[in-house]
Amino acid sequence: MERDELECFLLLAQELHFGRTAERMRLSRARVSQLVQRLERRVGAPLFTRTSRRVALTAIGRQLRADLEPHHRAIEAALERAASTARGIDTRLFVGFGHPLTGEIVLKAAEALRVTRPGLAVEICEVPLADPYGLLRKGEFDVQVNELPVREGDLGLSPVLFTEDRVLAVAAGHPLAARSAVSLEDLADVPLLTIDGDVPGYWREHHAPARTPSGRPIARGPAVTNMQEALMLVAGGRGALPVPAHTATYHARPGVAYVPLTDVAPAAYALLWRAADVTPAVHDFARAARDAAAEVTRERTRRTAVPAPSLG
């Protein structure tokens, strides 16, 4: 098996999306398809099932992934250790982020550590929306910034780093888009998109409840696996989605309106790690992330502050 086939197979098995796999490998979708087909011919059986809606591993694909992943990680780790030693780096920390705003905080923390801990290299990668804890549990991340709630017994949790308001992403033409604010009771008037993946039930209910506080049912819209897909469906009038307020800034797009949600708890974020595998590097990153979150919060407050009226 050639290295590009191996990396393409493992990335596609993780992403289950040809477009995102192509983007991560910096290849065209057609090239990703060619590599997968070449490997399937080598194996003599399909490794993935493909439909217009989703990509999934076959039984043989799951077996091959389970057999290959440990060896691939060991090879990559050995190469990285050699390269890190050559660059004077003694520790490497893999950090995940789920949203653009948390990514900004992770970057600031990494920059600070570059000065205070020059021997610590921080590698940053996005946490899949449809699998919020899988990569952390597999050891591909050492720590990640996560939106709460998190109720996983094997994962440790820091104090809350910061909070922000929540808004409803809804089609610009929907009646709710004309409102200055909406409440949880208003969610009975529009289907809510759901997350398709390995998402705990408590998390799903917190972010997309099945009923309003008075007990009225909330219709279910299509299931999505990433934010771009979700916003495309919102713009098309297929459903709405409660999201953190920063989404309106980082994901502004035609056809989508963001309306404040008035009676929900703020979105809160914390650091998450494997409870049985807390290293000094994780503690160092936690301190840097706390300071970075405070700095980003101050910057956002200054940008959104309304100037006092002039008396002149």
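User: Which residue stands opposite Val243 in β11?

Analyst: Strands of a sheet pair through backbone hydrogen bonds, either parallel or antiparallel. Here Val167 stands opposite Val243 in β11. Strand β8 (residues 166–171) is joined to β11 by four bridges, and the two run antiparallel. Two strands pair if DSSP finds at least two bridges between them. Strands (E, at least two residues) and helices (H or I, at least four) are DSSP runs, numbered from the N terminus. This is a predicted model: local features need pLDDT of at least 70, side-chain atom pairs count only at pLDDT 80 or more, and totals for chains, interfaces and linings use all residues. Residues are numbered from 1 along each chain as its sequence is written, and side-chain values use heavy atoms, leaving out hydrogens and water.

User: In what order do the three strands form the open sheet?

Analyst: The order is β11-β8-β12, with antiparallel pairing. β11 (241–244) and β12 (256–260) are at the edges, each with a single partner strand, so one side of each has no neighbour in the sheet. From one strand to the next, the twist averages 40°.

User: At what angle do helix α1 and helix α3 pack?

Analyst: Two packed helices are described by the angle between their axes and the distance between the axes. Helix α1 (residues 3–15) packs with helix α3 (residues 29–43) at about 105°, their axes 9 Å apart. Axes are lines fitted to C-alpha atoms, for helices over the stretch in contact; angles run from 0 to 180 degrees between N-to-C directions. That makes α1 roughly perpendicular (65 to 115 degrees) to α3.

Terms used. Parallel < 35°, antiparallel > 145°, perpendicular 65-115°, else oblique.
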